[in-house]
Amino acid sequence: MSQTVFAPWSDPGAKPLIEFRNVTKRFGDFTAIDGLSLGIYEKEFFALLGPSGCGKTTMMRMLAGFETPTEGSILLSGQDLGRVPPNRRAVNMMFQSYALFPHLSVWENIAFGLKREKQDKDAIDARVTEMLRLTRLEKFKSRKPHQISGGQRQRVALARSLAKAPKLLLLDEPLGALDRKLREETQFELMDIQEKTGTTFVIVTHDQEEAMTVASRVAVMDEGRLVQVATPPEIYEQPATTYVADFIGDVSLIAGRAKPAGERVEIAWAEGQPPIVATSETSLSTDQSVHFAIRPEKVHISKERDETRPNLLQGKVEDIAYLGNISTYHVRLSDGTLLKAQSTNHRRLANRGITWEDEVYLSFTETAGVVLTE
Amino acid sequence: MRRLLIAVPYLWLLALFLIPFLIVFKISLSDITLSIPPYSPNLDLSAGWSGLVDFVRALDFENFVFLTQDDLYWKAYLSSVWIAFVSTLITLAVGYPIAYGMARADRSWQPTLLMLVILPFWTSFLIRVYSWMGILSTEGLLNQLLMNLWIIDEPLQILNTTTAVYIGIVYTYLPFMILPIYAALEKMDDALLEAAEDLGCSRLEAFWLVTWPLSRGGVIAGCFLVFIPAIGEFVIPSLLGGSDTLMIGKVLWEEFFSNRDWPVASAVAIVLLLILIVPIVLFQRNEQKAREAEG
């Protein structure tokens, strides 16, 4: 079965819809964006992920036209956006606060942008109706924003920003104000709408789960730079740096010194402990200082010592985080290092074998973790 | 306990509004006499029931009829409403940009700016109006300045004209216009303007389509807060206005203190109150609508 995978970023012939070329943005002494280059392709659902203050909102505001780059240029379909004002860009934005006009009804809010284009009444009517259907808001069209729920407001904001059929839609923390359950539902709705309309979406979020769920590619940002731009599985399984590994999901980081041996590498990490054996794609030099990053779900935990298992380590259970479907065990190794292990609770609580202060054995395969040099 | 709490404001209104109102109303139905008090009849309770009947029989609407006969009164009412209306428009034209500037100013500056708007209240209203006399008179500061700058050769006659009354009213009531408009603009989310621009508005369109409608509640409140007291204004026209400035507050004062015709003065006051009820009710309705929109 051959299914075409959507991956224009790996096609050297593909032209990006948006191109950041060495963009720098400074506010006074503060550098918000530092010499950043990036291409975003048509129909992508691109996520900008990072902690607050990392520059992701500044990037989005530059795309919308509310900020202009101090240096470098931003291109949309090959054209320099330069100082094109926000009202002349084929870019629309969905605001974090939704910014719905409180004095206008849902219908009028959605029609607002279309009316500015001086379209005729029937065309506006048809487009608004289409948007109302897409976001399932037909019943609420004559209500005012304060008369509908948070989730409905979010959909009005989405409908309003999509109404003008922009080339690019910017979403600033679109689900931040929703509660968890609604947020999860809405994530799938967003993906669905993105697919139906074929619009390029750029989403800004600090919620890594949200970014992983919705995005085709994720850009992890830190202090105005891109740390890694990759698909969600790549970001999770092959983080480029300890920063990415730590920011995305749960991870245990162990510092040590590398001793490469062919494809494999031995990491000496503590006196009196056997070295960790792992594989590394990058070539390492002997005695190079490295970090070994391993996800808790890739660590096997057991009360019995099984000598056949690779990378066997002994420790004591210090804490258990019970999450219902899974439990995370915080295991203190004899040298004081803390390692996290996760196991699914396929048995009921009463039958669970491992408890606090238990002596346990941890093990993981050679390919389970990643060796990071940064 | 709850009834008691509700009763307090009603008792307050009864003692300080309704009872004085009834007294004024009664005087407006009486006749002028040269006595103390300068009107009759007076209720004589010692005469019993027949005294009360005589008292009520002696009351009539003569004074109200008189108000319609002499054109001074309706001209004064009309002129008051007109002056109040024009002053309200001028105050709005001056106050809106100030309120807008305050709301757009840096957050850290806003308390200071607010303070500056309220600061004039720290000085007595009367003193401030008197100082305008010093500014506007023919030998006043304004004329001296203009003459020293060679802009005019002859001093301008501003004091004792209706222009001076407008200046006085606009100056005095400006804070009442600025504060509600500022309150409305200050709560407005800046993202709304960005959203309007993002959807294709120019800055000016964004103002007309978003800022103006969202500040309308504040504008209406401010207009009423200026218009209602300005109609009955007495101090400003009598100190700054000339003899040709006809305002009902001044007429009332003259009837009461110069003519000592309490019954006609009371009738003037009652009619003024009736005229004011219309904008007051409209104002209340606007406030209620604003509360509902927020809730």
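How many residues of domain 1 of chain A are in contact with domain 2 of chain A, and how many residues of domain 2 do they touch? The views below are taken from a predicted model, and the first of them takes up this question.

**View 1. The two domains of chain A and the contact between them.** The domain assignment divides chain A into domain 1, residues 8-243, and domain 2, residues 250-372. Four residues of domain 1 are in contact with five residues of domain 2, and on the domain 1 side the contacting residues comprise one nonpolar, three polar and no charged residues. The C-alpha centres of domain 1 and domain 2 of chain A lie 39 Å apart. An unreviewed UniProt entry places the feature "domain: ABC transporter" at residues 18-248 of chain A; this span is 36% helix and 26% strand, and its end C-alpha atoms lie 25 Å apart.

**View 2. The side of chain A that touches chain B.** Here 16 residues of chain A are in contact with 14 residues of chain B. Strand E6 (91-94) and helix H2 (106-116) of chain A each supply at least two residues of this side, and the largest share, three residues, comes from H2(A). By class, the side of chain A that touches chain B has nine nonpolar, five polar and two charged residues.

**View 3. Helix H1 of chain A and the glycine that follows it.** Helix H1 (residues 56-64) of chain A is mostly covered, with nine of its nine residues buried; among them are Lys56(A), Arg61(A) and Leu63(A). The helix is followed by Gly65(A), which has a positive phi near 100°.

**View 4. Two cis peptide bonds in chain B.** The peptide bond from Ile36(B) to Pro37(B) is cis, with omega near -10°, and Pro37(B) is found in the loop between strand E1 (31-32) and strand E2 (39-40) of chain B. The bond from Ser40(B) to Pro41(B) is likewise cis, with omega near 0°, and Pro41(B) lies in the loop between E2 and helix H2 (48-58) of chain B.

**View 5. Positive phi at Glu357(A) and Arg260(B), residues other than glycine.** Glu357(A), with phi near 70°, is found in the loop between strand E18 (338-344) and strand E19 (359-363) of chain A; this residue is exposed, because 7 other C-beta atoms lie within 10 Å. Arg260(B), with phi near 50°, is found in the loop between helix H12 (248-258) and helix H13 (262-294) of chain B, and is exposed, with 12 other C-beta atoms within 10 Å.

Terms used:
Residues numbered from 1 in each chain as written. Chains lettered and ligands numbered in written order. Predicted model: local features only at pLDDT ≥ 70, side-chain atom pairs only at ≥ 80, totals over all residues. Buried ≥ 20, exposed ≤ 12 C-beta atoms within 10 Å, placed from the backbone. Helix = DSSP H or I, 4+ residues; strand = E, 2+ residues; numbered from the N terminus. Contact = placed C-beta atoms within 7 Å. Nonpolar A, V, L, I, M, F, W, Y, C, P; charged D, E, K, R; others polar. Domains from an automatic or database assignment. UniProt positions renumbered as here; feature names shortened; annotations may be inferred.
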